[in-house]
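Biologist: Could we go through this model together, one part at a time? I would like to begin with the overall arrangement and then turn to single residues.

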Amino acid sequence: MNKRVLVVDDEPNIVMSVEFLMKRAGFEVDVARNGREALAALEGAPPDLILLDVMMPEFDGYEVCERIRARPDWNGTKIIMLTARGREVEKERGLALGADAYVTKPFSTRDLVEQVKQMLGVA
């Protein structure tokens, strides 16, 4: 069974490039363009990992992260916050709310793919 990754970002160019990277690495990929779509995508069968932007409409990434961690049935889903907000206080907030990692844009595509693989235990 392939691992599923949910890409959550409101910037079409970021979505397109990250979706391409994840598919090329062998993951199944779903896309959500805002916080509300992200939470709806977790209903039913949650993804194995979420690449979550912070600044987006509906609910920001911090609120989405907090809501995911409030649901015990979603606790198995890993969260990597992928954002242009790189101040230490913002990173600390994301990790405190339950993100497993915090990656600042711009990012190394190779490093991102490797981090996702490591978090999901895929060689």
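Modeller: What follows is a conversation about this structure, which is a predicted model.

Biologist: What is the order of the strands in the sheet?

Modeller: The sheet is open and has five strands in the order 2-1-3-4-5, with parallel pairing. Strand 2 (28-32) and strand 5 (101-104) stand at the edges with a single partner strand each, so one side of each has no neighbour in the sheet. From one strand to the next, the twist averages 20°.

Biologist: How many bridges join strand 1 and strand 2?

Modeller: Strand 1 and strand 2 pair in the parallel sense over five bridges. In this pairing, R4 stands opposite E28 in strand 2.

Biologist: And how many bridges are there between strand 3 and strand 4?

Modeller: Strand 3 (residues 49-52) and strand 4 (residues 78-83) are paired, also in the parallel sense, over four bridges. The bridge partner of I50 is I79 in strand 4.

Biologist: Now the helices. Which residues of helix 1 are buried?

Modeller: The buried residues of helix 1 are V15, V18, L21 and M22. Seen down the axis of helix 1, the buried residues fall within an arc of 140°, so they line one face of the helix. The face turned away from that buried side carries the exposed residues P12, N13, M16, F20 and R24.

Biologist: What do the buried residues of helix 1 pack against?

Modeller: They pack against strand 1, strand 2, strand 3, strand 4 and helix 5 (109-120).

Biologist: What span should helix 1 have?

Modeller: Helix 1 (residues 12-24) has 13 residues, and at 1.5 Å a residue it should span 18 Å. Its end C-alpha atoms are 18 Å apart, which agrees with that expectation. Just after helix 1, G26 takes a positive phi of about 100°.

Biologist: Where does helix 2 lie?

Modeller: Helix 2 (residues 35-42) lies across strand 1 (4-8), strand 2 and strand 3, and it runs at about 165° to strand 1. Helix 3 (residues 61-69) lies across strand 3, strand 4 and strand 5, running at about 175° to strand 4.

Biologist: Which residues of helix 3 are buried?

Modeller: They are G61, Y62, V64, C65 and I68. These residues cover an arc of only 165° around the axis, which puts them on the same side of helix 3. They pack against helix 2, strand 3, strand 4, helix 4 (88-96) and strand 5.

Biologist: Which residue caps the N-terminal end of helix 3?

Modeller: D60 is the cap: a side-chain oxygen of D60 lies 3.1 Å from the backbone nitrogen of Y62.

Biologist: What does D9 touch beyond its neighbours in sequence?

Modeller: Not counting residues up to four places away in sequence, D9 touches I14, V15, A32, R33, D53 and K105.

Biologist: Where is R33, and what is it in contact with?

Modeller: R33 is found in the loop between strand 2 and helix 2. Its relative accessibility is 44%, so R33 counts as partly exposed. Leaving aside neighbours within four places in sequence, R33 is in contact with D9, D10, V15 and P57.

Biologist: Which residues does the cis peptide bond join?

Modeller: A cis peptide bond joins K105 and P106, with omega of about -5°. P106 is in the loop between strand 5 and helix 5.

Biologist: Last one: what is the phi of E58?

Modeller: E58 has a positive phi of about 75°, although it is not a glycine. E58 is placed in the loop between strand 3 and helix 3. With a relative accessible area of 48%, E58 is partly exposed.

Technical notes: Residues are numbered from 1 along each chain as its sequence is written. This is a predicted model: local features need pLDDT of at least 70, side-chain atom pairs count only at pLDDT 80 or more; totals for chains, interfaces and linings use all residues. Side-chain values use heavy atoms; hydrogens and water are left out. Two strands pair if DSSP finds at least two bridges between them. Helices (H or I, at least four residues) and strands (E, at least two) are DSSP runs, numbered from the N terminus. Axes are lines fitted to C-alpha atoms, for helices over the stretch in contact, and angles run from 0 to 180 degrees between N-to-C directions. Contact means heavy atoms within 4.5 Å. Buried means under 20% relative accessible area, exposed over 50%, partly exposed in between (1.4 Å probe, protein chains only). The arc is that of the directions from the helix axis to the C-beta atoms. A polar contact is a pair of N or O atoms within 3.5 Å; within protein, one must be able to donate a hydrogen and the other to accept it, and residues adjacent in sequence count only if both atoms are side-chain atoms. The expected span of a helix is 1.5 Å times one less than its number of residues.
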